[in-house]
Amino acid sequence: MTTLSLPYQFEIERLKRYLQKHPEQAASLAIAHFYDYLELVSQYQKLEKNFHQSSVTPTSRYTKLQVDYVELLRYCIQLQTECVNLREDNQALKKLIDIFAPDLPLAQEKGRNE
């Protein structure tokens, strides 16, 4: 039973038939294919080694996500606090404008909107 897909099985059959017609090239072809195979194995091992060295464990990924979430939550709270402070400052500025410059458009606009 083979696990190779049909195109690969076809390539193997082609190689068998070629070698039957040209047996004198069998040795050089076998060496070339074996060289290519070892090259692929070497590259695969390097990739696998790099993957295992750089991969993060699931628990540390989860921990990093938790830390990121807490930082974002703190930032959100900070932004909300700044927003509240800006609204208070805005209200104070509107009151000052009403007191010191009632003829400015902002003060007149407020009178129309109320």
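**Entry 1. Salt bridges**

I began with charged pairs and found that the structure holds three salt bridges. I note for the record that this is a predicted model. Side chains of opposite charge can pair when their charged atoms come close. I then went through the pairs one at a time.

**Entry 2. Glu11 and Arg14**

I looked up the pair Glu11 and Arg14, whose closest N and O atoms are 3.2 Å apart. Both residues sit in helix α1, with a spacing of three residues, about one turn of the helix. I checked accessibility next. Glu11 has a relative accessible area of 40% and is partly exposed. Arg14 is also partly exposed, at 48%.

**Entry 3. Glu13 and Arg17**

I found another salt bridge between the side chains of Glu13 and Arg17, at 3.0 Å from N to O. This pair too belongs to helix α1, and here the spacing is four residues, about one turn of the helix. For Arg17 I read 53%, and Arg17 is exposed, because exposed means over 50%.

**Entry 4. Lys64 and Asp68**

I moved on to helix α3, which covers residues 58-100 and contains both Lys64 and Asp68. Their side chains meet in a salt bridge of 3.1 Å, N to O. I noted that the two residues are four apart, about one turn of the helix. Lys64 counts as exposed at 52% relative accessibility, whereas Asp68 is partly exposed at 29%.

**Entry 5. Helix α1 against helix α2**

I turned to the packing of α1 (residues 6-21) and α2 (residues 26-54). Their axes come within 10 Å and cross at roughly 150 degrees. That angle makes α1 roughly antiparallel to α2, because angles over 145 degrees count as such.

Which residues of α1 meet α2? I listed Leu15, Tyr18 and Leu19 on the α1 side. On the α2 side I listed Ala26, Leu29 and His33. I sorted the residues of this contact by type and got five nonpolar, one polar and no charged.

**Entry 6. Overall make-up**

I checked the secondary structure of the chain and counted four helices and zero strands. Read from the N terminus, the order of elements is α-α-α-α. Of its 114 residues, 2% count as buried.

**Entry 7. Confidence**

I closed with the confidence values. The chain averages a pLDDT of 83, and 86% of the residues score at least 70.

Technical notes:
Residues numbered from 1 in each chain as written. Predicted model: local features only at pLDDT ≥ 70, side-chain atom pairs only at ≥ 80, totals over all residues. Heavy atoms only, no water. Axes fitted to C-alpha atoms, helices over the stretch in contact; angles between N-to-C directions. Parallel < 35°, antiparallel > 145°, perpendicular 65-115°, else oblique. Contact = heavy atoms within 4.5 Å. Nonpolar A, V, L, I, M, F, W, Y, C, P; charged D, E, K, R; others polar. Salt bridge = Lys/Arg side-chain N within 4 Å of Asp/Glu carboxyl O. Buried < 20%, exposed > 50% of the residue type's maximum accessible area, 1.4 Å probe, protein only. pLDDT = per-residue confidence, 0-100.
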